[in-house]
Amino acid sequence: MVLLHVKRGDDEAKQFLVEVAAATPCAELTQQLAEIHNLRLKVGRLTAAAEGLARHGPMKPPEQQGLDDETPMLEDVTDEGDIKKRVPEHGPHYCQDPTERRTGNAPPSDMGAIISRTVEDAARLVSKDQIAMKQLTSRKALLDSIDAIKGATMIVYPMGLPPFDTVRQILDEKEELGGSAAGLEVLDPE
């Protein structure tokens, strides 16, 4: 067995340790390392999105993101040009999202803690501290952390998340990374 310290650029957060058999062909090794790298990036994106979900609830529809509750929508304008006053729908655990991307209708604190604890565990897997502690990164552990976040999300939101929610898109493998900075970091395993 060979211990590999994989580095990508100068960023310590993108380093990880992997143990592979010495007889592993280079093409297979490259594919495995690219897959682990991409899974680490996915876990990082998922933990950030799931933490936002635990704190501020599901995402707003794309056409409402960035708009506060006071901003009138097109459907609020009457035929005469008057603006109807909308009453915002705030739940009992409302916590306004400073970015206005999420509804602010957070889950109850005990349910949000389920997601937060799971996110902390997953974030520990991709932490730069793993190198200092000589902890190995494995494909299975990363996939298990993704499954754990999916399970926690299903416990807290049994009715499911809207299709435009980032957490759901990541978990359903429907995340669009084209044209984003995150998309530039993803490696082609081939």
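Glutamate 100 lies in the loop between H1 and H2, where helices (H or I, at least four residues) and strands (E, at least two) are DSSP runs numbered from the N terminus. Glutamate 100 is not a glycine, yet has a positive phi of about 60°. With a relative accessible area of 11%, glutamate 100 is buried; buried means under 20% relative accessible area, exposed over 50%, and partly exposed in between (1.4 Å probe, protein chains only). A positive phi of about 60° is also found at lysine 134, again not a glycine. Lysine 134 sits in the loop between helix H3 (129–132) and H4 and counts as exposed, at 63% relative accessibility.

The model is predicted; local features need pLDDT of at least 70, side-chain atom pairs count only at pLDDT 80 or more, and totals for chains, interfaces and linings use all residues. Residues are numbered from 1 along each chain as its sequence is written, and side-chain values use heavy atoms, with hydrogens and water left out. The mean pLDDT of the protein chain (pLDDT being the predictor's confidence in each residue, from 0 to 100) is 87, and 90% of the residues reach 70 or more.

The largest nonpolar core contains 28 residues. A nonpolar core is here a set of buried Ala, Val, Leu, Ile, Met, Phe, Trp, Tyr and Cys residues joined through side-chain atoms within 4.5 Å. At least two residues of this core come from each of E2, H1, helix H2 (109–125), helix H4 (139–156) and helix H5 (166–171). H1 supplies the largest share, 10 residues. The residues with the most contacts inside the core are Leu46, Ile115 and Val167. Neighbours within four places in sequence aside, leucine 46 is in contact (heavy atoms within 4.5 Å) with Ile146, Ile149, Val167, Ile170 and Leu171.

Lysine 42 belongs to helix H1 (residues 26–56). Lysine 42 is buried, with a relative accessible area of 11%. When residues up to four places away in sequence are not counted, lysine 42 touches Ile146, Ile170 and Glu173. Ile146 and Ile170 are also among the contacts of leucine 46.

Two packed helices are described by the angle between their axes and the distance between the axes. The axes of H2 and H4 come within 9 Å and cross at roughly 170°; axes are lines fitted to C-alpha atoms, for helices over the stretch in contact, and angles run from 0 to 180 degrees between N-to-C directions. H2 and H4 are therefore roughly antiparallel to each other, given that angles under 35 degrees count as roughly parallel, over 145 as roughly antiparallel, 65 to 115 as roughly perpendicular and the rest as oblique. On the H2 side, the contact is made by Met111, Ile114, Ile115, Thr118, Ala122 and Leu125. H4 contributes Ala141, Leu142, Ser145, Ala148, Ile149, Ala152, Thr153, Ile155 and Val156. These residues divide into 12 nonpolar, three polar and no charged, where Ala, Val, Leu, Ile, Met, Phe, Trp, Tyr, Cys and Pro count as nonpolar, Asp, Glu, Lys and Arg as charged, and the others, Gly among them, as polar.

Aspartate 110 is placed in helix H2 and is exposed, with a relative accessible area of 51%. Valine 156 is one of the H4 residues in the contact with H2.

Two residues were examined in the loop that joins E2 to H1. Alanine 21 is found in the loop between strand E2 (16–20) and H1 and counts as partly exposed, at 37% relative accessibility. Alanine 21 and valine 2 are 19 residues apart in sequence, and their C-alpha atoms are 6.0 Å apart. Proline 25, also in the loop between E2 and H1, is partly exposed at 44% relative accessibility. Proline 25 is 119 residues from aspartate 144 in sequence and 26 Å from aspartate 144 in space, C-alpha to C-alpha.

Aspartate 172 lies in the loop between H5 and helix H6 (181–185). At 33% relative accessibility, this aspartate counts as partly exposed. The C-alpha atoms of aspartate 172 and arginine 8 are separated by 27 Å, the two residues being 164 residues apart along the chain.
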